[in-house]
Amino acid sequence: MVDGIKSIRVLRQERQYSRLFWSGLINGIGDRFSQVAILSLLLSLTGSGAAVGITFAVRLIPYFVFGPLGGFIADRFSKRNMMIITDLVRVWFALIPLFVHDASDVWMIYVSSFLLSAGEALYAPARMSAIPQIVQKDNLLSINGLEQVMLGIVLIGGSVTGSVVSATVGVHASFVLNALSFLLSALFLAQIKIPMPTAKSTAQQPKTGSVRLGSLNELRKLIPESPFTRMMLLVFLVTPIGDGIFNILLSVYAVEVFEMGDIGIGVMYGALGFGLVFGSGILGRFAGHMRIAVVSLLLVEGSINMIISQSSSFVIVAILLILTASCGSIGNACKRTILMKEVPAHLQGQFFGMLATFQNTIMGTSMFAAGFLLEIIAPRTVGFAGGTLLVVIGTAFASMLLWKSSKKTIT
């Protein structure tokens, strides 16, 4: 409770970030409205799960190109202007599904999804790299906790409200509201002042051509010398494996395992959202132990998912989902804070752009693999295997952390 009050106080104190927060919240809720409406429209027109799968795949493709490109641009031009432009352009992309009337028009949904995702791939590195420039360094952990709160609110409010809007007013209203959310987001962004790189930081930037955009070598050059930070980066890259598996399993658990239908899906997503908010509320207790928290919570998260896979009670599963989402919320905030403090400011756009590219690729591959496995293996078995994988990864990182700490102590 105390940490939650502190986060609210920090939000009021950091006026520049508060505008970025409300912009992201409005943007996220609009996106949820659109996602719910698109899934509903696709299923009503085609009745095909393959169409849904294609839509998700199409949303991942732009990150291969536009993620690194967005980071490259964010480090060289105004981050604020870049975010505003991408929001304003996406207004028109969000309206494309309004012209879909029958199954032959479904290709327009794929085009809209691709273009909106491309805009997000350009927008995300600018937004993430802007945060350390507009907030006090001591408030970074609290700010990253607020980012998890924002995701939780979007998950709860956006999904539930989006379903209600689509069911009562119609899917077309959701597309219009999504377009309006980009306009409102741009208005908040227009009030933000993000400092341009100083002469010192500009001088530190690599010369044109010294870092080849989009290459694996570029990402390696952006990694700081700190071994602990490299470890945090590895954790950042492997956790999407579990995220992809459990994103697919969530609906399967609700519909096939517990036979709760749409209500079950809503309850499970609500539990995840509540867990994200709850986790950020106790985040301050981990301020002095962020590296340890990241690794230990990965172990806890994997263990909880193993228990979830074998539980016969829907209520217990919902409670456990709150706990696992809380672990993820705290772990994500700690990882982001560590990287924001360690990565040089003038390289953060490229760094986070490449990171988003790899994360989305890994998650997409994980979702595809999980979907394939569910065709031949029982959901509970896949869930147990996914939880076990996180535990094994967490154990490996814990061993590395202990070894490096003991080595440093001896030295």
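I began with Ile308, which, leaving aside neighbours within four places in sequence, is in contact with Tyr253, Val317, Leu320, Leu321 and Arg380; contact here means heavy atoms within 4.5 Å. The model is predicted, so to speak of local features I need pLDDT of at least 70 and for side-chain atom pairs pLDDT 80 or more, while totals for chains, interfaces and linings use all residues. Residues are numbered from 1 along each chain as its sequence is written, and side-chain values use heavy atoms, with hydrogens and water left out.

I looked up Arg380 next and found it in helix α16. Not counting residues up to four places away in sequence, Arg380 touches Tyr253, Val257, Phe258, Ile308, Ser309, Gln310, Ser311 and Ser312. Arg380 counts as partly exposed because its relative accessibility is 26%, where buried means under 20% relative accessible area, exposed over 50%, and partly exposed in between (1.4 Å probe, protein chains only).

**Overall counts**

I recorded 16 helices and zero strands for the protein; both are DSSP runs numbered from the N terminus, helices being H or I of at least four residues and strands E of at least two. Of the 411 residues, 51% count as buried. Among contacts between residues at least 6 apart in sequence, 85% join residues at least 24 apart. The accessible surface comes to about 18,700 Å², and carbon and sulfur atoms account for 69% of it; areas come from the Shrake-Rupley method with a 1.4 Å probe, and for residues only the protein chains shown count as cover.

**Nonpolar cores**

Which residues have the most contacts inside the largest nonpolar core? They are Met268, Ile308, Leu321, Cys334 and Phe397, in a core of 42 residues. I take a nonpolar core as a set of buried Ala, Val, Leu, Ile, Met, Phe, Trp, Tyr and Cys residues joined through side-chain atoms within 4.5 Å. At least two residues of this core come from each of α7 (140-168), α11 (227-257), α12 (261-281), α13 (290-310), α14 (314-342) and α16 (379-410), and α14 gives the most, with ten residues. Apart from this core lies another, of 36 residues, which includes Met82, Tyr123, Ala126 and Leu146.

I then turned to α14 itself, which is mostly covered, with 21 of its 29 residues buried. At 1.5 Å a residue its 29 residues should span 42 Å, and the end C-alpha atoms are 42 Å apart, which agrees; the expected span is 1.5 Å times one less than the number of residues.

**Salt bridges**

How many salt bridges does the structure hold? I found four, a salt bridge being a side-chain nitrogen of Lys or Arg within 4 Å of a carboxyl oxygen of Asp or Glu.

The side chains of Glu120 and Arg90 form one of them, at 3.0 Å from N to O. This pair links distant parts of the chain, since Glu120 lies in helix α6 (residues 106-134) and Arg90 in helix α5 (residues 79-94), 30 residues apart. Glu120 is partly exposed, with a relative accessible area of 27%, whereas Arg90 counts as buried at 2% relative accessibility.

Glu147 meets Arg127 in a salt bridge of 2.5 Å, N to O; Glu147 lies in helix α7 and Arg127 in helix α6, so the pair ties together parts that are 20 residues apart in sequence. Glu147 is buried at 4% relative accessibility, and Arg127 is buried with a relative accessible area of 8%. Glu147 also forms a salt bridge with Arg336, with the closest N and O atoms 3.3 Å apart. That pair links helix α7 to helix α14, its partners being 189 residues apart, and both Glu147 and Arg336 are buried.

**Nonpolar patch on the surface**

Last, I looked up the nonpolar surface patch formed by Leu88, Val176, Leu177, Leu180 and Leu183, which together have about 370 Å² of accessible area. Patches are made of residues with over 30% relative accessible area and no salt bridge, like charges being joined within 9 Å and nonpolar side chains (Val, Leu, Ile, Met, Phe, Trp, Tyr) within 5 Å. Helix α8 (residues 171-189) gives the most to this patch, with four residues. Leu180 lies in helix α8 and counts as partly exposed, at 42% relative accessibility.
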